[in-house]
Amino acid sequence: MKNVRLMTGIGTLCLVAAGTTANAEILFTQGFEGEDYLGGKYFADNPDGILEGETFSLVNNAEQAAVNGEGFYATMTYTGGSGLSDGDFVGVSNFAGAVGEYTEGTQGYQISDSDGIFNLYLDGVAGATSVSLDYFVNSTGYESLDFISISAGGVSGLNTIDQDIDDLEIEGEWRTITWTNLTSSEVVISVDFNSASEAIYIDNVQWSSTPIPAPGALALLGLAGLARRRRA
Ligand SMILES: [Ca+2]
Ligand SMILES: [Ca+2]
Ligand SMILES: [Ca+2]
Ligand SMILES: [Ca+2]
């Protein structure tokens, strides 16, 4: 009989927990929407005299896909390759040939063939302690020197360095990374690919606040406890 009562108690607690989850508030969603962001292949020369390992900022170019926008910007870390000087599909895109459809709206952020390390930064959001992000890695053949690193608030969500992406079973589908209990919420995505078919797409990045038990839920918990005591 004691066990039954204990189970009832756990059931009540679960209900309360489920009720409070609804109080998690989405503070901001980055979905890369807006026709102004769309354009053709993006070109950026490696700066004269740049050394391996050095990073430079990217600027938006007329008629080319935007690499920077409201709440996001990109840089390149030179690794000795051609970088974006050969023209690459990077930045905001509505190309859905690989992904089928985006997880939010009709546009996302694409990084492919960067021939160097392409870094996408998404500004943190004040008060956010949770971040979720959707990514799609194009299905193709990768090599061990290709890599993807995704972090939020300095916490890694995906890091393929020193692994072969082919072995990770992350290709060809939208996948979601969720971080909780963050103390800061800037998202950093770094990618090095050296082929046009090697591509990652990012969409539907959401920043949320921590669920706080509502006063009503706490009162219910108290009442449930009282009811059990009376029955006993
Ligand atoms: Ca979108
Ligand atoms: Ca390139
Ligand atoms: Ca593969
Ligand atoms: Ca490659």
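Leaving aside its neighbours within four places in sequence, with which residues is Val-131 in contact? Please also describe the surroundings.

A: The model is a predicted one, in which local features need pLDDT of at least 70 and side-chain atom pairs count only at pLDDT 80 or more, while totals for chains, interfaces and linings use all residues. Residues are numbered from 1 along each chain as its sequence is written, and chains are lettered from A and ligands numbered from 1 in the order in which they are written.

Once neighbours within four places in sequence are set aside, Val-131 is in contact with Ala-152, Trp-179, Leu-182, Ser-185, Val-187, Val-205, Gln-206 and Trp-207. Contact requires that the C-beta atoms of two residues, placed from the backbone, lie within 7 Å. Val-131 is also named among the residues with the most contacts inside the largest nonpolar core, which has 46 residues; Phe-118, Leu-120, Tyr-135, Ile-200, Tyr-201 and Ile-202 are named with it. Such a core is a set of buried Ala, Val, Leu, Ile, Met, Phe, Trp, Tyr and Cys residues joined through C-beta atoms within 7 Å. A residue is buried if 20 or more other C-beta atoms lie within 10 Å of its own, exposed if 12 or fewer, and partly exposed in between, with C-beta atoms placed from the backbone.

Among the strands that each supply at least two residues of this core are β8 (117–122), β9 (130–137), β10 (147–152), β13 (187–192) and β14 (199–208). The largest share, 6 residues, comes from β14. The protein has 2 helices and 14 strands; helices (H or I, at least four residues) and strands (E, at least two) are DSSP runs, numbered from the N terminus.

Next comes Ala-128, which lies in the loop between β8 and β9. Ala-128 counts as buried because it has 23 C-beta neighbours inside 10 Å. Beyond four places in sequence, Ala-128 is in contact with Leu-27, Ser-185, Trp-207, Ser-208 and Ser-209.

Pairing requires at least two bridges found by DSSP between two strands.

On one side β13 pairs with β8 in the antiparallel sense over 5 bridges, and Leu-122 stands opposite Val-187. With β10 there are 6 bridges, again antiparallel: Phe-147 stands opposite Asp-192, Ile-148 has Val-191 as its bridge partner, and Ile-150 stands opposite Ile-189.

From β10, 4 bridges lead on to β11, which runs antiparallel to it, and Ala-152 stands opposite Val-155. The hairpin of these two strands has 2 residues between them, and there Gly-153 takes a positive phi near 55 degrees.
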